[in-house]
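This report is meant for a reader meeting the structure for the first time. Please look over the sequence and the model before reading on.

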Amino acid sequence: MAAANKLSVGVIGCANIAKKNCVAASTPFASCSITAVSSRSDDKAREFVNEVFSGIEQRPTHIFSGSDAYDKLLESKESCDAVYIPLPTKLHEAYVGTALRNKKHVLLEKPVAVSAQSYRDMLSIASQEGKFLMDGTMYVHQTRTKQIVKAIPNANRIHFNFTFEGDEDFFKNNVRVKKEGDFMGCIGDLAWYCVRMGLLIFSDLNADALRQGLVKEVQVVNCELND
């Protein structure tokens, strides 16, 4: 697809998850292109671009850095038409609002907000500005997921298991294991997939039925990792 016909996207923050998503968005057949990157650290922004776009012909043409890097990208009219926000959850509402008010579509990493009301406020701004606000739960948009949901008729209870192996660096440095990082921690990250699938499967129920069926038996299991 010609670059002129692609949706131009800016990245707010150079999180690790943004690396693989930017690579995927930079394939020749992608309908978008990464045109801007922002980080509070100039070195980190340039390292991100050099690592992610190594060997890729079309590289971001706008790099914003400094304490106001995010705002500079969001307020820039020529850098991009949409933004991808992989920041910690507590920062979402402020930057999503700024992006939407600057006439940019938003792709937002999960979990989307610190509360349901916070997300409702974001959706309200998106509606007022006539812009898209989407969360980055990719499997929701897969045809295979729709087939799975159809294959589970009349469900009344679901048990989920979803894990991944974190290495020493993950447990030492990742924001999801720090109280001052992402306040929902791994529950907000991993459980997001489980809750979304549950909502899809029970999508024919009303809100009261969902609360009774999904919230009634919530269990949090603490797992101790063996060396």
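In which helix does Gly 188 lie? Gly 188 lies in helix α8, where helices (H or I, at least four residues) and strands (E, at least two) are DSSP runs, numbered from the N terminus.

## Basis of the description

This is a predicted model, in which local features need pLDDT of at least 70 and side-chain atom pairs count only at pLDDT 80 or more, while totals for chains, interfaces and linings use all residues. Residues are numbered from 1 along each chain as its sequence is written, and side-chain values use heavy atoms, with hydrogens and water left out.

## Parallel strands and their crossovers

Two strands are said to pair if DSSP finds at least two bridges between them. Strand β1 (residues 7–12) and β2 run parallel and are joined by six bridges, and Gly 10 has Ala 36 in β2 as its bridge partner. Strand β2 (residues 32–39) is in turn joined by four bridges to strand β3 (residues 62–65), again in the parallel sense; here Val 37 stands opposite Ile 63, and the bridge partner of Ser 38 is Phe 64. Eight of the eight residues of β2 are buried, so this strand is largely enclosed by the rest of the structure, where buried means under 20% relative accessible area, exposed over 50%, and partly exposed in between (1.4 Å probe, protein chains only).

Strand β1 also pairs with β4, in the parallel sense and over three bridges, with Val 9 opposite Ala 82. Strand β4 runs parallel to β5 as well, joined to it by four bridges, and Ile 85 stands opposite Leu 108 in β5. In a regular strand the side chains alternate between the two faces of the sheet. In β4 (residues 82–85), Ala 82 and Tyr 84 point one way and Val 83 and Ile 85 the other way, and all are buried.

Right-handed β-α-β units are made by β1, α1 and β2, by β2, α2 and β3, and by β4, α4 and β5. A crossover is called right-handed if, with the strands pointing away from the viewer, the path from the first strand over the helix to the second runs clockwise.

## Backbone features around β5

Most residues other than glycine have a negative phi, and most peptide bonds are trans. Lys 103, in the loop between α4 (92–101) and β5, has a positive phi of about 65° although it is not a glycine. Lys 103 is partly exposed, with a relative accessible area of 47%. The C-alpha atoms of Lys 103 and Glu 129, 26 residues apart along the chain, are separated by 6.8 Å; Glu 129 lies in helix α5 and counts as partly exposed at 21% relative accessibility.

The peptide bond from Lys 110 to Pro 111 is cis, with omega near -5°, and Pro 111 is placed in the loop between β5 (105–108) and α5 (116–129). Lys 110 and Gly 188 are 78 residues apart in sequence, yet 7.7 Å apart in space, C-alpha to C-alpha. Gly 188 counts as buried at 7% relative accessibility.

## The second largest pocket

The second largest pocket has a volume of about 1,000 Å³. Of the 34 residues that line this pocket, the closest to its centre are Ala 15, Asn 16, Pro 86, Asn 174 and Val 175. A pocket, on a 1 Å grid over the protein atoms alone, is an open set of points where a 1.4 Å probe fits, with protein on both sides within 12 Å along at least five of seven lines, and lining residues have an atom within 4 Å of a point. Grid points are joined across faces, edges and corners, and the volume is the space filled by probe spheres set on the points.

At least two lining residues each come from α1 (16–25), α2 (42–52), α7 (168–173) and α8 (185–201). The lining divides into 16 nonpolar, six polar and 12 charged residues, where Ala, Val, Leu, Ile, Met, Phe, Trp, Tyr, Cys and Pro count as nonpolar, Asp, Glu, Lys and Arg as charged, and the others, Gly among them, as polar.

## Aromatic pairs

Rings of Phe, Tyr and Trp (its six-membered ring) pair if their centres lie within 6.5 Å, and planes under 30 degrees apart count as stacked, over 60 as edge-to-face and the rest as tilted. By this rule the count comes to five aromatic pairs. Phe 164 and Phe 170 form an edge-to-face pair, with 5.3 Å centre to centre and 90° between the planes. Phe 164 is partly exposed, with a relative accessible area of 38%, whereas Phe 170 is buried, at 10%. Tyr 139, Phe 162 and Tyr 193 form one aromatic cluster.
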